[in-house]
Amino acid sequence: MHLIGQVQGIVFENAIEPALYQFGLMDWAETIFDGLEIPLLGVLAIGVAYLLFRPLELWRPVERWAERRAVRTDIVYTIVHKLGLVPAIIFLMLTPIGATIDGYLRFHGYIPPAIEQMLPPLGAWPFVTFLVYVIVIDFGEYWRHRLQHRLPWWWALHSLHHDQRQMTLWSDDRNHVVDDVLAAMWSGTIAMLIGVTPGEFPLVMIAFRLIESLSHTNVRVGFGRVGGAVLVDPQYHRLHHSIEHARAPYDRARGCNFAVILPVWDAIFRTRRRERVFLPTGVAALDGQAVHCGYLAHQLEGFRRLGAALAKLINRRRPGFAAAFPAE
Amino acid sequence: MGNPPVPIDPVFPSRTLRCIAAVALFVLGAATASAKTAIVLNSDDDSLSVIDGDTYKETSRVHIGRAPHHLMLTPDQRYLIIAMSEGNELVFIDRTTGVIAKRVEVSDPYQIGFSPDGKWFVSNSLRLDRIDIFDAATFELKHRLPAPTMPSHIAFSTDSKSVFVSLQGTDKVVGIDLASGATEWTAPVGRQPAGMWTDKAGNILVAVMGSDYIAELDPKTGDVLRHIVTGRGAHNFQASPDGKQLYVSNRVAGTVSVLDAGTLAVTGLIMAPGGPDDMMFSPDGSQLWVTGRWRASVDVIEAASGALKATIAVGRSPHGIFLY
């Protein structure tokens, strides 16, 4: 983290601050300085994920493909979503909205409690506090994920993540930009409610991203009976991505293995599936050009699916987004 | 205003927290015995660095609370107040023992200040666009004023009747009557005004961060009397202990300008790269300590020569600084 801080300072001082000054935007200085940490942490996350997980894919891949164009699309997704577009949207759009809501609540006498205030001993143990943040946010992520599969309009967006039939360490970021913004709002709201400061939030999120990269890795690895019960592993998450989920009993709405980091949520809410199998990934109803395309085409495809799902909600006689209603 | 009084928590909310604070601040307490000790608030790390002023080494880093930005002595000099903006509290540290004496719940205190007569306490919420005016004796909230946008630094009139606040998200400074909470004037001074200071003539100085000058204002009307060019990103003020010089940090230029405190003529320029922000003199007045926001460090500068004596690595985004 110290190295990231040094790079952050050098880049900001020599490139960004002079530009802010030139364009009369110095009131954004602290915000952008803090925001710069997100793409830098993104670089770190990509670098660490590649160095740690790519050798695993070469060592014991579940699948080998001669044609890897779909994987290249996921690499573009990773670069755009970890370093550029999404962090910029989240920071420039959602941070002021969050501050406005926070300000309104405080102005009317409600101060969101920090976890340290509810559990005072945590005040002296920042790392334990960090773990508590991860557990609480992970619980929220589990339920967001359940809704992504349950609600037709949200599944229309989330299906972009699932339609990949060449799942690799890069597939974690294969999301529609609207879906990513919704995810940021969801986790950001939970973080605000439990008192995670903006400075701590990127660190929490990088922990999530690393584990999510690993869980998507194309490797024939599980963490065993004990390890797999503690942390989501590639085998566990591959079951969630299984193409079988278009069929009962693991259809889109019910599914299995929704947990992002901690499988305990699946155990508690009876959505856990533990079988020692490595199944093909994808969505049975989705294939062809709509899946094996570039970044922009795939994003447009997401809007098309969303539009179809919304049209179906408004008028039930419309055909809708086919993969959104597998039971029909 | 009709706002309810702000609740005061005179002691720790629990025995557990009291124990934690005692342990956490033990190092700080020990450090205060040193001949010269600096305390630096690392605003992005939620921590406080304690620096030995003789060896220029960080001796400890204590997790203090959420987003600590500024700190100051109480008028009786008994306590050092640390404002935890996102922690929504003021932490009072006993200056003689280094132990936390009390915590006062205040919503998002960013910049803080006491009026010269010690009667008023003002807390700005830069993030939430609000100025809170308290009775300094009881910390009862007297006025809560919307202040779009980014109310930042604070200065007072010499008669303690008015407070002046820079609105960093605009080009304006606002003058407010402390007793009534009424706005006296709003004056354009230049884009992104930041640091505020009351000069020897009783006029108000504003460091204009979006430009390269400080502006001198008439405290009665807000009229701009003159501009004094210092450096790009003029940000904050600090006077020398003898009151003869006034120092201005220039955040973009990475410099500190030295001004004659009486005439406001620029007499020198010191290099201080890394986003120089808050400044503080050593107790003997020989050294100027400057926090570098972007480099996570503190520069120690010989006041007489302007030479860099030491650069000390601290936590992320160091902001407020205080030297015993």
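## Contact between two helices of chain A

In this predicted model, Leu147(A), Gln148(A) and His149(A) of helix H7(A) meet Trp154(A), Trp155(A) and His158(A) of helix H8(A). Two residues are in contact if their C-beta atoms, placed from the backbone, lie within 7 Å. The residues of this contact comprise 3 nonpolar, 3 polar and no charged ones. Here Ala, Val, Leu, Ile, Met, Phe, Trp, Tyr, Cys and Pro count as nonpolar, Asp, Glu, Lys and Arg as charged, and the others, Gly among them, as polar.

H7 (residues 126-150) and H8 (residues 152-162) of chain A pack at an angle of about 100 degrees, and their axes are 6 Å apart. The two helices H7(A) and H8(A) are therefore roughly perpendicular to each other, a term for angles of 65 to 115 degrees. Axes are lines fitted to C-alpha atoms, for helices over the stretch in contact, and angles run from 0 to 180 degrees between N-to-C directions.

## Basis of the model

Local features need pLDDT of at least 70 and side-chain atom pairs count only at pLDDT 80 or more, whereas totals for chains, interfaces and linings use all residues of this predicted model. Residues are numbered from 1 along each chain as its sequence is written, while chains are lettered from A and ligands numbered from 1 in the order in which they are written.

## Strands of chain B

Chain B contains 2 helices and 29 strands. Helices (H or I, at least four residues) and strands (E, at least two) are DSSP runs, numbered from the N terminus. An open sheet of 4 strands has the order S21-S22-S23-S24 (chain B), with antiparallel pairing. Strands S21 (234-239) and S24 (266-271) of chain B stand at the edges with a single partner strand each, so one side of each has no neighbour in the sheet. Two strands pair if DSSP finds at least two bridges between them. Within the sheet, 6 bridges join S22 (residues 245-250) to S23 (residues 255-260) of chain B, and Ser249(B) stands opposite Val256(B) in S23(B).

## Buried positions in chain B

Of the 324 residues of chain B, 56% count as buried. A residue is buried if 20 or more other C-beta atoms lie within 10 Å of its own, exposed if 12 or fewer, and partly exposed in between; C-beta atoms are placed from the backbone. Strand S17 (residues 193-198) of chain B is largely enclosed by the rest of the structure, because 5 of its 6 residues are buried. Asp44(B), in the loop between strands S2 (37-42) and S3 (47-52) of chain B, is buried with 23 other C-beta atoms within 10 Å.

Methods
Angles under 35 degrees count as roughly parallel, over 145 as roughly antiparallel, 65 to 115 as roughly perpendicular and the rest as oblique.
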